[in-house]
Amino acid sequence: MSTPIAANIRSLTLALAVAFLVTSVGVSYWTILASDQLANDPFNPRLIAASHDRPRGAILDRSGAPLATSEKSTNGFVRSYKDQSLAQVVGYASVQFGLSGVEAAYAESLIGQDRADPISIWRARYLGERQAVGSVVLGIDEKIQKAAAVVDPQRQQLAMDQLNKAPDHPLLNRAAQGLYPPGSTFKVVTASAALESGFDPTNKLRVDDPYQPDRSWGDYFVRSASHAHGLFDMSDGFRLSENIYFAQVGLQIGGGKLAEYAKRFGVGATPKLDLPGAKGQLSQSGVLDRPTLVADTSYGQGELLVSPLQMALIYAAIGNGGVMPTPHYATEVRDAEGHVVRQVAPGPQGQVVSANTAKTLTTMLVGAVAGPGAFAFGAKIPGVDVAGKTGTAENRPGEAPHGWFVGFAPAQAPTVVVAVIVENAAEGGVTAAPLGGQVMRAALGK
Amino acid sequence: MPIAAGLTAIGLVLVQRLASDLLLQQLSWTIIAVGAFAATILIPRDLTALARFKWTWAFLGVLLLVAPLFPIIGREINGARIWIKVGPGSIEPWEAVKLLLVVFFAAYLEEYREVLSQSQRRIGPFPIPPIPYLVPIVAMWGIAMLVMVFEKDIGATALFFGIFLAMLFLATGEGFYAVLGLALLLVGGFVAYQLFGHVQARVDTWLRPFDDDLRFGAGYQLVQGLYALANGGLFGAGLGNGMPDRIPVVWSDFVFDAFAEETGFAGALALLALYLLFLYRGMLIALRAPTTFLQLLAAGLSFIIALQTLVIVGGNARLIPLTGITLPFVAYGGSSLVTNWMLVALLLRASEVSNRMRGGP
C-alpha cells in the first residue's frame, strides 16, 4: 500500500518551510552581516547620493585650510574643491563617476561614520540616525604644494570635464600610482645589499667604458654616463653616478641578494598606504636570473618599475636609521565639533637595513649632493646637509629620459623626504635636482 | 484570500513607488485579475469536472507554450522568447501553463497513482517505475523543457521541473523520485551551462557579480539589488527613503530587494512569513480535501506559490542564480497577477467542496 497523500503533503510542506528558513538566513546575511561592507563600497550609489541631501565632511590640509567642502545650493549640497592640482589625491565624489582618492578612502569618515566610532555607525545603520559630519585632515602642506606645483603648472588649467580624457592623465596620482624605471636612484638598494653582504665600500673597482665581464655577453655592454676610465670606490660611484661600478657590485653579490634587498625595500609589493598605490616590479618574471639583467638592475634599469612613493620610502628608511615608516595621506579624522575621533598614525613598517648601513649610505648620499663634481649639486640648501641622488632613467627608445631626484634633509635627522620625477626631462637628473631642493627648502622653511 | 489581497496591495504600493507610470496598467491588471478570480469561482459548477478534461488541459498547455515561437504573435523581450502579443500588450503564456500543468498532473496521477506507487519490482532500495504509465507525464514534462530551452527562460524551466517533481512525490510518496529529479536538475544545469551562453552568463553573474567585468555589465542589476538589501539593515531605511530605483527593472525582478531596503530585514521576514502562511493555508485545504484529485490539485497550486517565492527571493539574495520569475502577487506583471488570482480561486473552490462534504458552512 502506498503512503497516504496526507503524509506526502505534510513532508512537502515541511521541506518548503525549511527552504523558507534557509532563504531568511540568506537575506539576513545581506541585510545585516554584509551590510557595512556593501554600504561603503565606493560604487554604491547611496553613498554618493547621501552627499546631495546632507553635507559631506570637509577635507582639510595640515593647517586646517579646506581642500574640499560641501556647500548648500538650490538642488542639495554641492561639493567644491579648492585646488584642482590636488585632485589626484583628494579625488572626487560624483553621482556620475563614483568616488576616488581621499573621497573614496575616507568615505565613511566623511559621512560621520568613522570606524573608530562604532556606536555612531550602528546608530546610523540600524536606527537611521543622521550623524553630523566631521572632517578629514591631510598631511598636505599648502606651501610645500606650491613649491611642488611648479613642476607642472599647466596641469591646473585643465577644465574638470577634460580631466579623464586628457593625454597626460592629470587625475592619476603619479606619486603612488605612477610606475617608472628608477634609474640611478635605485643604486642605494644595490649598495645596501652589498654592504650587508660584507662588501668593502672602500675597495676600488676598475671602470672602463664600455663594460662587459666576458665575451659571452656578445655585443651587450654597460655604458658609463661620463665615459669613465679609472678606479672607483662606492662614494665615487654615488657622487659621479657610475653605472659600471654598480653593475660590477651587483654581479659580485649576485641576483639573489639584489632581489632580496629590493623586496625588503618594498619593490613589487603594494605599499601600506591609505590610498591606492602601485606595486611595481623587480623584473617581468619576478627574479633576476640572467647576468645582463642583474647588471642592468644594479643601476636601476633592466625591467625595474617603481612608484615615486616607493623611492621616497626607500630613502626615508635610509635617513631613518634603516627603519621604514608607513606612509599615510590623512593624519586625523575629526567630528563635527572638531574633536579628534581617530589619529591616523601607523607605526613603522620595520627595520629594512641595519643602522650602520643606513649611516654609511647617508654619508655617501651627502657626498652625491655636495661632493666635488657631484651630479645632484642642484639640490644643495645653504646651511643644511642634504642627502640625495639623481637618476636619469631611460624609458622608451627615442624618448627623452625621465629625470629623478630622491633625497632627504637635514641628513643627520631628516624631517623631509622628497621624490621628484620630471617625465621626459631634457637633462635627466640634473633637471630634477633643483626642484627637489626647492621643495625641501619650502618644507624646512629656508 | 486575505493574504493574497494583502500581498497584491503591497504590490500596488511598490509599483507606485518604483514605477508610477506603470501603476495604471497594474491597476487594470488587478481588476482583470479580480474578474478572472470571480469567473473561476463561478463558472465550473463542479471542480472535479476539471479532471475529466485532463487531455484538453494538456493540449492547451502545449499550445500556449509553443505559441511564442510562432512568428507574428510571438515576441522576444529581454532575451527571452516567452511572450505573445495580445492587443496592445503582451502576455506570458507560461504563467497559465503552470496552472494547466498542475491540473493535468493532479488528474492523471489520481487515476494512475496506485499503479505508479505499487511497483513490485525493486533494485535494492530503488523502485523501478512501471514505465508505460509514466510516459504521458514525462512527455508532458519533456515538451515543457524543450520549449523552454528554445524560449530561453531558465526560471520557468526550473518552475516546471519543480512542479513535476512535487506532483510525483505527492502522488507516490517516493522520496527517491525527488532525489533523482534534483540530481537530474544538477546534471541538466551543468550541461546547459556548457551549451548555452545565456545560462553561462547567469551562473557567472551569480558566482562573482562584483568582478570588474561583471559589476557594470551583466552583474549590475544583482549588485545594485544587494546594495539595496544592505541599505535595508535590520529595520529598513523607511518607506520612500531608500534608493531601490537604482536597480534596473526593479518593479518586476527585484521587488523583494526594494521592499527589503525600505522595511529592512524585519519587513522582509514579515513578507516571507506571509508566503509561508499562504503555503500553510493552501496545504491545509489540501489535507482536508475529500478526493485525491482535489488533494493533489490544492497541494500543487500552493506549491507553485511557495516555489516561485523561494526561487525569486533566493535569486534576489544571491543564494541561487537569478531568474526572471515574478514574486507572486507583489511584482509588476499582468499575466502573473491574473493566473495567481485564478490559482487562489481554485484553492478556495477546493476548500468549499470539502466544507460542503463535511456539512460545514
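The model is predicted: local features need pLDDT of at least 70, side-chain atom pairs count only at pLDDT 80 or more, and totals for chains, interfaces and linings use all residues. Residues are numbered from 1 along each chain as its sequence is written, while chains are lettered from A and ligands numbered from 1 in the order in which they are written.

Two packed helices are described by the angle between their axes and the distance between the axes. Helices (H or I, at least four residues) and strands (E, at least two) are DSSP runs, numbered from the N terminus. Axes are lines fitted to C-alpha atoms, for helices over the stretch in contact, with angles from 0 to 180 degrees between N-to-C directions.

Helix H13 (residues 255-288) of chain B packs on H14(B) at about 165°, the axes 9 Å apart. H13(B) is therefore roughly antiparallel to H14(B) (over 145 degrees; under 35 is roughly parallel, 65 to 115 roughly perpendicular, the rest oblique). Their crossing is left-handed (the near helix is turned anticlockwise from the far one by less than a right angle; clockwise is right-handed). Residues are in contact if their C-beta atoms, placed from the backbone, lie within 7 Å. Among those of H13(B) are B:Phe256, B:Tyr275 and B:Met283; H14(B) contributes residues including B:Gln295, B:Ile305 and B:Asn316. The contact divides into 15 nonpolar, five polar and one charged (Ala, Val, Leu, Ile, Met, Phe, Trp, Tyr, Cys and Pro are nonpolar; Asp, Glu, Lys and Arg charged; the others, Gly among them, polar).

H14(B) (residues 292-316) also meets helix H7 (residues 154-172) of chain B, with axes within 10 Å and a crossing of roughly 145°. This crossing is right-handed. B:Gly155, B:Gly162 and B:Met167 are among the H7(B) residues involved, and B:Gly300, B:Phe303 and B:Val311 among those of H14(B). Here the division is 13 nonpolar, four polar and no charged.

Now chain A. Most residues other than glycine have a negative phi, and most peptide bonds are trans. The bond from A:Asp209 to A:Pro210 is cis, omega near -10°. A:Pro210 lies in the loop between strands E7 (205-208) and E8 (229-232) of chain A. That E7-E8 loop also holds A:His227. A:His227 has a positive phi of about 50°. A:His227 is exposed, with 9 other C-beta atoms within 10 Å (exposed means 12 or fewer, buried 20 or more, partly exposed in between, with C-beta atoms placed from the backbone).

A:Ser241 also has a positive phi, near 50°. A:Ser241 lies between helices H11 (234-239) and H12 (243-253) of chain A, and counts as buried, with 28 C-beta neighbours inside 10 Å.

Methods:
Two residues are in contact if their C-beta atoms, placed from the backbone, lie within 7 Å.
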